[in-house]
Structure formats: structure tokens, C-alpha cells
Amino acid sequence: MLPVRLDRTDPRPLGTQLADQVRRLVHDGVLARDDRMPASRRLAADLGVSRSVVEQAFDQLLAEGWLEARQGSGTWVARGTTGRPTVPRRRRTPAVEQPLVMLDAGTPWIDPRHQAVWRRAWREVSVATPPRGYDDPRGLPELRALLAERLGRTRGLAVDAERVRVTGGTGAGLRHLLAVLPREAVAVEDPGYRAAVATVRESGRKVLDLPALEPVTDLRGCGAAYVTPAHQHPLGRVMPAADRLTLLATARRDGALVLEDDYDSEFRYDVAPVPALASLDRDRVAYLGTASKAILPSLRLGWSVVPDRLLDAYDAHSSLTHDAPPWPVQRALVTLLRDGYVDAVVRSARRVYAERAPKVVEALAPYAELAGPVAGMYSTWLLPQVRAVRVRAAAEEAGFRVNLLRDYCRTARLSGLVVGFGGPTDDELDRALAVLVAALSRL
């Protein structure tokens, strides 16, 4: 790997930076004449850039005579460029790859002012007495009680701690539920959450596509239906009240369990958060919540509210597999909930998202169609696929990662971009929007 480093904050194009650094390496003798250059595809992968960036740099250096192409054997440092036949090799240091700034639908904004609460939480973990054996597969009793209180207060879901189960995130809760359901197909919104689709398929079940914006009127042959009613992922719609009632009636008639993924419902900034679907029918809906959006994705914690008829089988499965979150992480979340950290983070993040959302809409609305209401930490924009792919490539060239709407679709014929605004700093978001607007305006 070449000892080069591309700086995405540098206003110069990445290809120009690469050409400048290779030129300097040849001039200084780090690259000697007759050294073979890496293949453009491999170098692009090493540097985390598109192949066109490397080809642009090589073309420039070929034109200047620093490099030469040899038919059938690649690109080499040109003879005579260093003035000496061989050069003692300096110790090469690997290039530091700059990670892309993620503009995705799942990376939240983390308020740095709350670091003291984090430190206090981990101090409490360090002096607490851990369990002597394996953790309670249901979760720490104190944590389950705090979660039950919060669900009632923020999601309108009146439930006691005995019905709450702590999980290793939404995916773990979904796996436990699938393990205790009949081995029938599972209906999943289309477009929809890709990890849920993968989890269902890994369980050996067939995935049936539910058009995301249409009422659910048929679940025959399905053991369950996976939905995101508070904020449809990724189109953004809140499921209307009439469609909620239709879904529940259909599930009761056809004997299916509704799997409610309530991933970011607290981050409404236009109206109050919509109550959980499970509050309408505790027996027919299994509720899945997560700490990833309100606290931190890498915490890998979630919770489930399981219908009473499935609790024994659910507990037996989680006990058998030992698939429970680590005790220290659960104990830290106890402190974060007890001391009001989570409420404070939600309030501050909601304010940030409320400020950023209009900025994103104002920048992109002249060039693309908004797919649905903007809530939470992302917005979805409809564009022809060819344009969406080109815009994504331009964003990556500038150091930003945006997702394609088509990647969330299976049979749905939708295309565009899913633009997150939770993870970047204010400055990064401003630069990213400038890049997107520039790319869109050229098409």
C-alpha cells in the first residue's frame, strides 16, 4: 500500500491530492524508477475512494512523465525520474484511511455535554456486585422496571416489569420471537428495514412483501407481520389510525402476530409522539424498542414487550441460548435511565433534529421529491435511479456516505436517496448538503 493520506477536508480534489503525493514520493526516492504501481482498483479500495480518482491521478502523472504504462504489465515509475538506478528504501508507513461521514438513517446525534453522566454510570458499574452466575435472561429486574415506567410515560404502553424483556437490540428481540412462532412466512414492509428482512430469512422463513403505504388486509399464511407504524422505515409515514385498526383486525382474523419496531418514535418535532400500536392490543402485538437511537448504537441494547401467551416459550428460548446483553451494559443503562440521562438526550436531540430537518428540506426540495413527512434523524427523497447513483458517487468522492432508497426495496419500484442528518456535525452537514446540491444541479 502506498504511504499516502487523502484529506477530505482539503478543498483540492482527491485525485489532485493523490497525484501530488505520488509525485513527491518519486521525487524523494521513496518510489524508485522501475517500481511497479499498485493496480488502480486495489489502490482505490485501499484508500476508500472510487477507481476514477486513482485513474485521474495516474493519467496526470503519465502525462507529466512521472509514470509510464507498459503494455500488458501495468503502470510503473518512469525511468530517469529519480536520477539514480536504485534508492535505499525508507520505512513505509501505512496510509491512514479517512472514514466516510455517515449520512444514514440510523446514526443519532450524541450531545457531548452529557459525558459526565456516562462517566458516572460506568463508575457505578465498577463498584456494583455482578451476578454470581449467568445473567437473568429476562434482564435486570431494576432495568425492566425503569423501562416499563418509561414505556408507559412516553409510548402510552401500560405494562408492568414482568412483561418487559431486555434484549441485545431489536434484532435479538426479533430472533427470540421468531423462535417461538410457527414456521410460517413473515410479512415485512416493502420498502423496509433491511436487517429485519435478513433476520427473517436467516430463521428459514419466507419473506412476503407488504406495500409500505397500503392498508394490510391479508395475512393468510403468515405467522407474523413486521411493521414500523410510528415512522415507516424508510419512507417516513405515520401509519394512519384507520390503517392501524385494519392491521390489527386482519392479524386477529388470520392468526398472525404483529411485530412492532418502534425504533425512533420519540423524535417527533412537529407533533407529539404517536402512541405505540401495542397499546391498542397487547395480545396481538409484540413490541420491540431500542437504545440505539436515543442513547448509542454501539450499546447494543433493546427491549421487548411480549404477549402473555408467548412469554414462557420466549423465556425458555432466551435461557437456552444465553442470548442476553452483558450485565455491565444493563447496569449502566439503569443509571442512565434513573438519573434522567435518556430523557435529557431525547430532548436535546429532538431540538437538534428540528433545526436540521428544515435545512435539509430547503436544500434538496428544488431537486427531488420528498417521499414522506420528515421526522427522526433522516429524510427520504425520490429520484430516478440513475441520478441517485450518480449523486451517491459524488457524495462518496467528497467523503460522505448516503444510502440508495432502492436498496431498501424488494418488489417496490422506488428509487432515490435516504439522507440522514443525525450523525454529522453541523459543519459536516453543511458541507454534505453543498455536495449533494452541486451534484443534483449538474444532472
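## The largest cavity

Helix α5 and strand β9 each supply at least two residues of the lining of the largest cavity. Helices (H or I, at least four residues) and strands (E, at least two) are DSSP runs, numbered from the N terminus. The biggest share of that lining comes from α5, with five residues. About 160 Å³ of space lies in this cavity. It is lined by 16 residues, and the closest to its centre are D262, E266, Y287, T290 and W303. The count of cavities of 30 Å³ or more comes to four.

The terms need cut-offs. On a 1 Å grid over the protein atoms alone, a cavity is a set of points where a 1.4 Å probe fits but cannot get out. A pocket is an open set with protein on both sides within 12 Å along at least five of seven lines. Lining residues have an atom within 4 Å of a point. Grid points are joined across faces, edges and corners, and a volume is the space filled by probe spheres set on the points.

## Basis of the model

This is a predicted model, in which local features need pLDDT of at least 70, side-chain atom pairs count only at pLDDT 80 or more, and totals for chains, interfaces and linings use all residues. Residues are numbered from 1 along each chain as its sequence is written, and side-chain values use heavy atoms, with hydrogens and water left out.

## The largest pocket

The largest pocket holds about 520 Å³ of space. Its lining has 26 residues. G106, Y193, A195, K293 and R300 lie nearest the centre. Helix α7 gives the most, with five residues.

## The seven-stranded sheet

Seven strands form an open sheet with mixed pairing. The order is β4-β10-β9-β8-β7-β5-β6. Its edge strands are β4 (164-167) and β6 (207-211), each of which pairs on one side only. Two strands pair if DSSP finds at least two bridges between them. Neighbouring strands are turned by 25° against each other on average, direction ignored. Axes are lines fitted to C-alpha atoms, for helices over the stretch in contact, and angles run from 0 to 180 degrees between N-to-C directions.

Helix α6 (residues 170-179) lies across β4, β5 (185-190), β7 (222-227), β8 (257-261), β9 (285-290) and β10. Its direction runs at about 155° to β9. Helix α9 (residues 308-321) also packs on the sheet, touching β4, β8 and β10. The direction of α9 makes about 35° with that of β4. Contact means heavy atoms within 4.5 Å.

## Salt bridges

Side chains of opposite charge can pair when their charged atoms come close. A salt bridge here is a side-chain nitrogen of Lys or Arg within 4 Å of a carboxyl oxygen of Asp or Glu. The count comes to 32. One of them joins R144 and E162, at 3.9 Å from N to O. R144 lies in helix α5 (residues 141-155) and E162 in the loop between α5 and β4, so the pair ties together parts 18 residues apart in sequence. R144 is buried, at 2% relative accessibility, whereas E162 is partly exposed, at 43%. Buried means under 20% relative accessible area, exposed over 50%, and partly exposed in between (1.4 Å probe, protein chains only).

D308 and R282 meet at 3.8 Å, N to O. This pair links distant parts of the chain, with D308 in helix α9 and R282 in the loop between β8 and β9, 26 residues apart. D308 is partly exposed at 43%, and R282 is partly exposed at 27%. R338 and D339 form another salt bridge, at 2.8 Å from N to O. Bridges that share partners join R120, E124, R331, R338 and D339 into one network.

## Strand β12 and its partners

Strand β12 (residues 378-382) has four of its five residues buried, so the rest of the structure largely encloses it. β12 pairs with β11 (residues 369-370) in the antiparallel sense, over two bridges. Here E369 has L382 as its bridge partner.

Five bridges join β12 to β14 (residues 416-420), and these strands run antiparallel. L382 stands opposite G416 in β14.
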